[in-house]
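Welcome! Please take a moment to look over the sequence and the model before reading on. The report below walks through some of the features step by step.

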Amino acid sequence: MTLNFRSRQIWTIARLELRRVFFSRRSFWVYGLALFPLLIFVMQTIAVEYQKRTLSAVNTISPALMDSVREGERVEAVLERLGKPSRDREYSFRRRERDGEEEVRIHNRQLHYWDGQRRANLIFQEGVLQNIHIRQLVSIDLQRLMYNGVFHYYYLKLAIFFGCLGIFMNLFRGEMLDKTLHFWLLAPARRDVLLAGKYLAGLLAASVIFGTGAALTYGAMLWPVESAEVRTFFAGPALEQMLRYSAAALLACLGYGSVFLAAGLLVRNPIIPAVVLLMWESANGFLPAVLQKLSVLHYVQSLCPMPAPVEEGTPALVRMFLAPAPATSWPLAVLGLCSLTAAILYLAAQAVKRLEINYGGD
Amino acid sequence: MSAPEIVFDEVSKFYGEVLGVNRVSLRIPPGITSLVGPNGSGKTTLMNLMTGLVHPDRGSITVRGLSPRDPERLMRLTGYATQYDAAPRGATGFDFVATSLLLWGYEPREARQRAAEALERVGLTEAGHRKVAAYSKGMRQRVRLAQAVAHDPEVLVLDEPLNGLDPVVRAETIALFRDFAARGRHVLLSSHVLQEVDVISDQVVLIANGMVVAEGRIRNVRDEIEEHPSQFLIRCSGASRVASLLFERDHVSEIKVVDDRQGLLVMTRDRNEFAAALNAIALAGHTIESVLPADENVDALYEYLIGAQR
């Protein structure tokens, strides 16, 4: 049999398997995982639009007027200069000045102003301006930071990980449960050809599902941002960043896919390899350098345009788990991950050659 | 050129602690061969072993010179209709057959054509576009048969292929097996429908507890069972007189007069002596209308060889 013939067999197997992977009832939750952040960003866009309308409905002041406000000003002066606020809220609370003395009733007032981009929250105490909080309702930098966090902590560590678990473990184990695996094993194809075809199907499906999910979420992330800002962003690093996120998603599918495909051949219960791998990947940041290279996350994180964000004040133990391993250059990351995947697939090929049908007795 | 035999050489298979088959040695020539044995005796294991669905713990198997560990070449000449009822989810009968042909390397157009022909051979043309999940047991049986024969294999392996088939389809299916066998191919089937096995098989392999207890042509197997006398049904006039003449012979151990008193059921330990005795009786003027072996069938063999172990 020629290489060309085997390649055609691989493609035939992948094509047949793709239908099952995309439309299997077991796969539907994977779509949910991939599209959940998209839903969140769409909801954010709706919320931002709603806020903009609510704030604009009353009064929109000029940015210069908003910047002219200073702490210590009287509420009457601010109202006279800036006009009717978008929101006006008054409340009071009691405070004991010193031990044993009478409680003092403090009167507070909050005024919200809107300049079309930013929202100012002015807090007055007893009629005097105490605090000024001005922030953009939505900005591209903030959105990018949010997306980066979602990509690292949601897509890489959760969605793609568990999505690949669902897709790739089912390629063999699912067929064993459905009692349909013999259909493939009775085909005139080498077992490693069968493995390659199924892996290709899983990889294509996972890449389409998570690549599309990540790209759509990237688009949704930009949706509430002003169009001028988006245009500037696209003239700059946007496409490169999007490409790097997509490449990271694809390589994560490549790596996790091979691991879970092999696991599906070697163990019956998917929970065990999932937990072990999740712990291994989570501990990657503080493993010795040699062991760090045996991690999918290690390579994939190196491809992301920004490192995983870790907030100030995060407890040291949590920080240890969240902190990424030192980055590798992208050619090394791609090469490293491909080598790791090839090694795992070789082990899987040995396992599939020994695979027997055992649906539960003679 | 590959040897046209299926050879099991000292093959053993265990499922953990459970015995599948033990030290099975067989040489199966072309023709229709039936594997007969009670549930759990190892019939399916033998079929799975020769198609590579399970691997032997000991011994070796070749199918027309090919190893089951080489599915790329073996399955090109083998079709296996398994007992497993499931088809890929959502597949129609036509999809099920055509899809498997794509794996055989046929172009989609030829695969569709062959699938249509195979479905026609098993009488499923009209139902071909319905989902397999909605098929009756008999239809599923037939669609698996269609899949197994669609690529015109040299070796056809069929696990309980007559189960659930109505009499007309059963007759057509048996005709299909005979057609395959007549072309010098292997048809290996397992069945519990012993009467049919008896009628259609060129040879039988009787299995019990994972071991082959007898193999060969049914008559040859019968001849080897010495502890059980052979039984013959004789239709004759003057049954009582013929019975008394036969009883004088040492090799006759028992005679029963059948209910209509027009025949005898004779048990003899020596077929040749029995034939000579009948000739002598006929020459003496008694009318012998017919002589039929009463236990040269799988039912009797099954009872003799396996009955005690059931």
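Which residue in S2(B) does B:Val7 stand opposite? B:Val7 stands opposite B:Arg27.

## About the model

This is a predicted model, in which local features need pLDDT of at least 70 and side-chain atom pairs count only at pLDDT 80 or more, while totals for chains, interfaces and linings use all residues. Residues are numbered from 1 along each chain as its sequence is written, and chains are lettered from A and ligands numbered from 1 in the order in which they are written.

The predictor's confidence in each residue is called pLDDT and runs from 0 to 100. Chain A averages a pLDDT of 87, and 93% of the residues score at least 70.

## Chain B at a glance

Chain B holds 11 helices and 13 strands. These are DSSP runs numbered from the N terminus: helices are H or I with at least four residues, strands E with at least two. The C-alpha atoms of chain B fill a box of roughly 75 × 45 × 35 Å along the principal axes.

Of the 310 residues of chain B, 43% count as buried. A residue is buried if 20 or more other C-beta atoms lie within 10 Å of its own, exposed if 12 or fewer, and partly exposed in between, with C-beta atoms placed from the backbone. Two residues are in contact if their C-beta atoms, placed in that way, lie within 7 Å. Among contacts in chain B between residues at least 6 apart in sequence, 67% join residues at least 24 apart.

## The hairpin and its partner strand

Let us return to the strands of the opening question. Strand S1 (residues 6-15) and strand S2 (residues 18-28) of chain B pair in the antiparallel sense over seven bridges; two strands count as paired if DSSP finds at least two bridges between them. S1(B) and S2(B) form a hairpin with two residues between them, and B:Gly16 in the turn has a positive phi of about 65°. S1(B) also pairs with S4(B), in the antiparallel sense over five bridges. There, B:Asp9 has B:Ser60 as its bridge partner in S4(B).

Two residues of chain B other than glycine have a positive phi as well: B:Arg64, near 50°, and B:Asp152, about 55°. B:Arg64 is found in the loop between strand S4 (58-63) and helix H2 (71-74) of chain B, and it counts as buried because it has 20 C-beta neighbours inside 10 Å. B:Asp152 lies in the loop between helix H5 (137-149) and strand S6 (155-159) of chain B; with 14 such neighbours inside 10 Å, B:Asp152 counts as partly exposed.

## A four-stranded sheet in chain B

Another part of chain B is an open sheet of four strands in the order S11-S12-S10-S13, with antiparallel pairing. Strand S11 (252-257) and strand S13 (288-293) stand at the edges, each with a single partner strand, so one side of each has no neighbour in the sheet. The twist averages 20° from one strand to the next.

S11(B) and strand S12 (residues 263-268) of chain B pair over five bridges, and B:Val252 has B:Thr268 as its bridge partner in S12(B). Helix H9 (residues 239-247) of chain B lies across strand S10 (230-236), S11 and S12, running at about 170° to S11(B). Helix H10 (residues 271-283) of chain B packs on the sheet, touching S10, S12 and S13, and its direction makes about 170° with that of S13(B). Such angles run from 0 to 180 degrees between N-to-C directions, with axes fitted to C-alpha atoms, for helices over the stretch in contact.

## Helices of chain A

Helix H2 (residues 28-58) of chain A and H7(A) pack at an angle of about 5°, with their axes 9 Å apart. They are therefore roughly parallel to each other, a term for angles under 35 degrees.

Which residues of helix H12 (residues 296-303) of chain A are buried? Eight of the eight are, so H12(A) is largely enclosed by the rest of the structure. The buried residues of H12(A) pack against several helices of chain A, including helix H5 (140-178) and helix H14 (330-354).

## Where the chains meet

Finally, 25 residues of chain A are in contact with 29 residues of chain B. On the chain A side, H1(A) gives the largest share, six residues.

Notes: Angles under 35 degrees count as roughly parallel, over 145 as roughly antiparallel, 65 to 115 as roughly perpendicular and the rest as oblique.
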